[in-house]
Amino acid sequence: MKITKILLLLAVLAALGTFVALDLGRYLSLDYLQQSQARFAALYAEQPLSVAAVYFGVYVLATALSIPGAVMLTLVGGAIFGLGWGLLLISFASSLGATLAFLTARFVLRDSIEARFGQRLADINQGIQRDGALYLFTLRLVPLVPFFVINLVMGLTQMRVWVFYIVSQLGMLAGTAVFVNAGTQLAQLSSIQGILSPTLLGSFALLGVFPWLARQAVDALRRRQVYARWAAVRPKTFDRNVKARVTLVEAHKMGGDCLNYGCVPSKALIKSATLAHQMQHADRYGLNSVSRNQDLGYRPISFKKVMQRVQAVIAAIAPHDSIERYTELGVEVLQGHATLINPWTVEIALANGRKQTLTTRNIVIAAGARPFVPPLPGLNEVGYVTSDTLWHTFAELDEPPARMVVLGGGPIGCELAQSFARLGSQVTVVEMAPRLMVREDLEVSSVVAEALRADGVQVLTGHQALRCERQGAAKVLVVAHQGREVRIEFDQLLCAVGRQARLEGYGLEALGIPTGRTVLVNDYLQTLYPNIFAAGDVAGPFQFTHTAAHQAWYAAVNALFGDFKRFKVDYSVIPWATFTDPEVARVGLNEQE
């Protein structure tokens with residue numbers, strides 16, 4: 001296969017080299033064609049089929065090899081065959097030649113291009129699959145890019161061959177007709193530029209607008225079909241509107257996961273754990289180390305005070321996410337649970353027991369995510385905490401758990417495992433995958449694993465949790481490793497195997513809004529219904545607070561201005577950070593991606 005590609009590439013280069021070396025381009029000048037017009041006409045009169053066949057073959061070859069001069073060949077076709085037969089021959093010859101160039105680029109270059117730029121090409125192919133025919137048709141109508149470039153570049157995508165051929169033939173027809181018609185008057189032409197008058201160029205530009213107008217019409221028809229079953233209940237006026245009046249409905253705590261269970265408390269705990277680690281290793285800095293196992297009755301670490309500090313940090317930040325602050329900003333905040341009744345109506349079960357119904361032009365679902373708890377036999381019997389519940393469960397403990405198992409070796413599991421180890425727990429991390437933090441590069445995973453081991457954490461990768469058991473007062477996690485069962489005793493089990501979007505109880509099923517692991521949205525964060533958006537963990541693909549804020553901008557702006565201009569969410573430079581010691585951070589793609 002590789003030899004065939006090389007031979008084909010050499011053949012194309014040889015053909016192009018011959019064209020240049022023999023100066024064959026001189027036969028495609030306007031002067032030469034005008035001087036030879038009578039001779040071509042006489043030859044066609046004598047042997048019409050042979051001349052038509054040779055002309056067709058030459059046109060296909062010139063287009064397939066991307067040889068300059070297609071315009072001149074088109075003029076010749078008009079001069080020899082007239083408008084009708086000339087348009088027929090050239091339309092098929094140009095489309096066939098373009099398709100051969102398309103296939104040549106695909107055969108020779110696509111594999112190597114995909115190997116080097118696979119991820120970016122995958123994003124392009126998604127767009128081609130969705131709108132490729134429309135893009136190609138517009139480019140063919142308005143030749144802003146030379147056609148030979150379009151042929152080669154499209155060959156590197158996953159556009160289907162028959163789609164490329166049919167769209168090319170239809171898209172190039174209008175322009176071909178103009179040049180064939182001009183060729184019928186070849187003797188009177190003074191220059192090629194004379195063919196493309198400002199009026200003609202303006203006409204092509206208008207033709208290029210038509211596909212987009214058609215796309216808008218199709219979108220409008222789709223929207224009408226989506227909303228068809230709700231037409232009878234569509235409100236004539238709205239109580240709320242993202243453009244004017246905004247209501248925020250919160251079922252639990254303002255500030256959501258980040259403030260109450262995630263970023264803020266975990267980083268407060270990490271800071272205390274880091275300082276405890278530095279105190280215990282102060283000799284590295286020329287100071288006297290503080291041992292946590294002194295016999296003088298002095299306890300350098302008070303776990304209860306650490307947990308009190310965590311709550312104090314939350315309380316200090318809470319006013320920034322409070323009802324009072326958002327009310328001052330002009331947002332109505334309702335404490336309760338919201339359910340979608342139809343695409344414009346929300347029913348709110350208020351915390352005081354009453355119900356309130358609001359109509360709205362636009363809705364943004366930002367319900368977040370919760371820790372995923374695996375269906376592990378015996379888990380409820382032994383008890384467990386998650387990254388949400390540990391802050392309340394551990395709040396009054398005088399000492400950290402003596403023996404702690406962390407189920408999951410992702411960012412949350414690694415951060416908390418290291419922190420509790422530094423605060424005095426004997427920690428074991430159980431991860432089913434062959435390494436920690438599998439979304440990071442191999443070298444990064446290794447650095448984190450060694451750092452955890454240096455802090456006394458037992459790292460068990462390639463271990464699959466099977467069940468939990470009680471043996472008297474003892475709690476045991478049973479895991480499988482290399483075909484045998486391993487039993488791990490613990491005092492406290494932390495489930496940190498990931499988070500899942502909150503999808504139930506919001507009326508998504510009744511409205512038929514598709515969901516998978518998240519709410520399914522398009523590039524503009526719109527759900528099945530264009531006026532209903534989703535942002536944050538509930539929409540994916542990243543579970544970061546800063547990504548939620550990033551998406552919130554797009555959801556708000558698209559809700560405000562979507563009738564005029566919509567903005568696709570850009571995920572190309574999303575920052576990642578895991579606050580282990582050493583910290584792990586990156587922006588955008590890593591090596592394995």
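Q482 counts as exposed because its relative accessibility is 72%, where exposed means over 50% relative accessible area, buried under 20% and partly exposed in between, with a 1.4 Å probe and protein chains only. The model is predicted, so local features need pLDDT of at least 70 and side-chain atom pairs count only at pLDDT 80 or more, whereas totals for chains, interfaces and linings use all residues. Residues are numbered from 1 along each chain as its sequence is written, and side-chain values use heavy atoms, with hydrogens and water left out. Helices (H or I, at least four residues) and strands (E, at least two) are DSSP runs, numbered from the N terminus.

**Backbone exceptions**

- Most residues other than glycine have a negative phi, and most peptide bonds are trans.
- Q482, in the loop between β12 and β13, has a positive phi near 55° and is a residue other than glycine.
- L525 is likewise not a glycine and has a positive phi of about 70°; its place is in the loop between α16 (508–511) and β16.
- With 0% relative accessibility, L525 counts as buried, whereas Q482, at 72%, counts as exposed.
- G540 and P541 are joined by a cis peptide bond with omega near 0°, and P541 is found in the loop between β16 (532–534) and α17 (545–561).
- The bond between D581 and P582 is also cis, with omega about 10°; P582 lies in the loop between β17 (575–578) and β18 (584–587).

**The sheet β11-β12-β13**

- Strands of a sheet pair through backbone hydrogen bonds, either parallel or antiparallel.
- Here 3 strands form an open sheet in the order β11-β12-β13, with antiparallel pairing; two strands pair if DSSP finds at least two bridges between them.
- β11 (464–471) and β13 (484–490) are the edge strands, each pairing on one side only.
- Neighbouring strands of this sheet are turned by 25° against each other on average, direction ignored.
- Between β11 and β12 (residues 474–481), which run antiparallel, there are 7 bridges; A465 has V479 in β12 as its bridge partner.
- K475 is placed in strand β12 and counts as buried at 17% relative accessibility.
- Leaving aside residues up to four places away in sequence, K475 touches V382, E469, R470, I488, E489, F490 and D491, contact meaning heavy atoms within 4.5 Å.
- K475 and I488 are 13 residues apart along the chain, and their C-alpha atoms are separated by 8.4 Å.

**The hairpin β17-β18**

- β17 and β18 form a hairpin with 5 residues between them, and 4 bridges join these antiparallel strands.
- P575 has V587 in β18 as its bridge partner, while W576 stands opposite R586 in β18.
- W576 and T578 make up the covered face of β17, and P575 and A577 the uncovered one.

**Helices**

- An α-helix has 3.6 residues a turn, so residues three or four places apart point the same way.
- The buried residues of helix α5 (residues 147–155) are I150, N151, M154 and G155.
- Seen down the axis of α5, these buried residues fall within an arc of 125° and therefore line one face of the helix; the arc is that of the directions from the helix axis to the C-beta atoms.
- Two packed helices are described by the angle between their axes and the distance between the axes.
- The axes of α9 (residues 263–280) and α14 (residues 411–422) come within 8 Å and cross at roughly 40°; axes are lines fitted to C-alpha atoms, for helices over the stretch in contact, and angles run from 0 to 180 degrees between N-to-C directions.
- α9 and α14 are therefore oblique to each other, since angles under 35 degrees count as roughly parallel, over 145 as roughly antiparallel, 65 to 115 as roughly perpendicular and the rest as oblique.
- The crossing of α9 and α14 is left-handed, meaning that the near helix is turned anticlockwise from the far one by less than a right angle, with clockwise giving a right-handed crossing.
- S266, K267, L269, I270, A273, T274, A276, H277 and Q280 in α9 meet E415, L416, S419, F420 and R422 in α14.
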